[in-house]
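Take a look at the model below.

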Amino acid sequence: MPEANEIILELKEVNKSFGGLLAVSKVNLSVSKGELRALIGPNGAGKTTLLNLITGTLRASSGKIFFKDKEITHLHSYQISHRGISRTMQITSLFSGLTVFENIWAAVQSRKKFFNPFVRALKWQDVKEKTESMLELTGFKDKAHLICSELSYGNQRILEMGIALSTEPDLLLLDEPTAGLNSQESMVLVKKMRSMLSGQTIILVEHDMGVVMELADNISVLHYGAILAEGPPKEIKENEEVKKVYLGSEHA
Amino acid sequence: MFLQKGKSFGFILIFVLILLGLIVTPFFVDLFYQTFLTELFVWILFAISFDLIFGYTGLLSFGQALFFGLGSYTVTILIRQFGFNTELSLLLSIPIPMLFAWFVGYFSVKLSGIHFVIITIIFAIIGNIIGDTWTSFTGGSDGLTFSPRPFRLGLFQINLMDIKGNYYFVLAIVAIFYLFLRRMIQSPLGKIFISIRENEERAQLIGYNVQRYKLIAFIIAGGLSGLAGGLYSLTLKYVAASYLHWSVSGHAVVYTIVGGMGTLIGPAIGAGIVMSLEHYLINYLQATDLVVGIVLVFMVLMAPKGLVGLIQSRFKRG
């Protein structure tokens, strides 16, 4: 658990509507540094929309989003990336024609400013070293020169996390990392996540309650775009309302 | 694949050999083929500038004809109307098309897919219409002729009215810009272009301002297309509104697809093959475009990565 409750991300009265449909409604959410916050809720509850609002992929209809005490509500997603928020997608999003090495490289390089367009990329020793250490951390060292579409699906999910991590984010958003994996593969992924992501502040959207209960420090439950309940896993497990709308009897 | 090591030496060797071959060629072929090769060099430059925006950045631009034509007109009008020397007019055939590319790109790079294709065609059509109607300035479809003064660089001087001189002149400039582009592709900037081609959303999410980099690629490609246009009019000592026609961009598209997009050598090989094919076929039939079209369809179906891709995959297999 994190030391002190230093708040890193704060959403204030955030709304998002698509036409007449209110996808996210009056969401207030604070995430502390070092926390792993799970975001759960039925399909269509607005979880991914909420992530899209945080990363600037979508613009909030109203309300404000603060990150490290600065407002980021109206920034573009590449700007938000430079402020320190990184994410993975529900549907794996990689540079699929490039090698594993190049995928990580692209993310590491994004933290570097350059003014000379004629320097050879490979001569950047620091980028190279950082890329190699990320390959080690993610366990892709011996797969570095494979084209990433040749990786297994589970490994592609891990690689995407590695890319997201390579931008050295202060906050990492994971959108259903176990989607499409069988339970065994999920276990492997969770184990990997534990070693890769220790100490990282994370918002995790996830359907697999086993994974959520195991990893999360706190859980926020979304229902029809609004926050229904919030608290540590134990509390959420026993919350009657949550049971009714989401967990159902089999999880209780 | 953008990070490859250990190929520099091999590349330099092959590059120097090809260059030496091309340097001695004029002593063995007649003036007709010297002109043919000079034009080929120009089209190679045009095709690789197009490949920067299409093969590397992933944007299919049919607007390159506009910048090609603008480069041609820059050179012609500066020499003919304003009495500029050859060096300066050719130099300006880069920044002037770049300014237009900035303008066109500002509106175009926000669009993707077919919308981008269409808007770039539209800009080229507008350019062509202006070229066709503003005859007092552009010469319209009759065009303008001119005689450039010798190109001087310090004590060095080349007479462009001489076909062999013109050949070496164009060869030198195209070789320099080939190396320039190769270096740029290997630079961090090149890596960003490739990342955008591979996955725009991901590039944006790891912090690249995708639209800005697309615009940069578009402006650089525009400048190089302009230079190709400038060299073309210096070679033919002529320009006409038809240079602005969007179908001129089609040449670059065909060369790049046949040779292999996303490589620099691909468009160069493609240009060589297609232009030679057209040249030999014209002796036997009029509908050379038909044959080129069939070759294109065949390549798209059988070898979508072009000849270079075909050779590469052969190498890998065994």
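Two residues are in contact if their C-beta atoms, placed from the backbone, lie within 7 Å. This is a predicted model: local features need pLDDT of at least 70, side-chain atom pairs count only at pLDDT 80 or more, and totals for chains, interfaces and linings use all residues. Residues are numbered from 1 along each chain as its sequence is written, and chains are lettered from A and ligands numbered from 1 in the order in which they are written.

Start with the domains of chain A. The assignment gives domain 1 (1-84 + 169-252) and domain 2 (95-168); such bounds come from an automatic or database domain assignment. Over C-alpha atoms, the centres of domain 1 and domain 2 of chain A are 26 Å apart. In chain A, 11 residues of domain 1 are in contact with 11 residues of domain 2. On the domain 1 side, helix 6 (residues 183-196) of chain A supplies the largest share, 5 residues. Helices (H or I, at least four residues) and strands (E, at least two) are DSSP runs, numbered from the N terminus. By class, this side of domain 1 of chain A has 7 nonpolar, 2 polar and 2 charged residues. Here Ala, Val, Leu, Ile, Met, Phe, Trp, Tyr, Cys and Pro count as nonpolar, Asp, Glu, Lys and Arg as charged, and the others, Gly among them, as polar.

Neither is a glycine, yet A:Lys68 has a positive phi of about 50° and A:Asp69 one of about 70°. Are they buried or exposed? A residue is buried if 20 or more other C-beta atoms lie within 10 Å of its own, exposed if 12 or fewer, and partly exposed in between. A:Lys68 is partly exposed because it has 16 C-beta neighbours inside 10 Å. A:Asp69 has 8 other C-beta atoms within 10 Å, so A:Asp69 is exposed.

Next, the contact between the chains. Chain A brings 29 residues and chain B 22. Helix 3 (100-109) of chain A is one of the elements giving two or more residues to the chain A side; helix 3 of chain A gives the most, 6 residues.

Last, the core. A nonpolar core is a set of buried Ala, Val, Leu, Ile, Met, Phe, Trp, Tyr and Cys residues joined through C-beta atoms within 7 Å. The largest has 153 residues, and B:Ile44, B:Leu45 and B:Ala47 touch the most other members. Helix 2 (residues 31-56) of chain B gives the most to this core, 14 residues.
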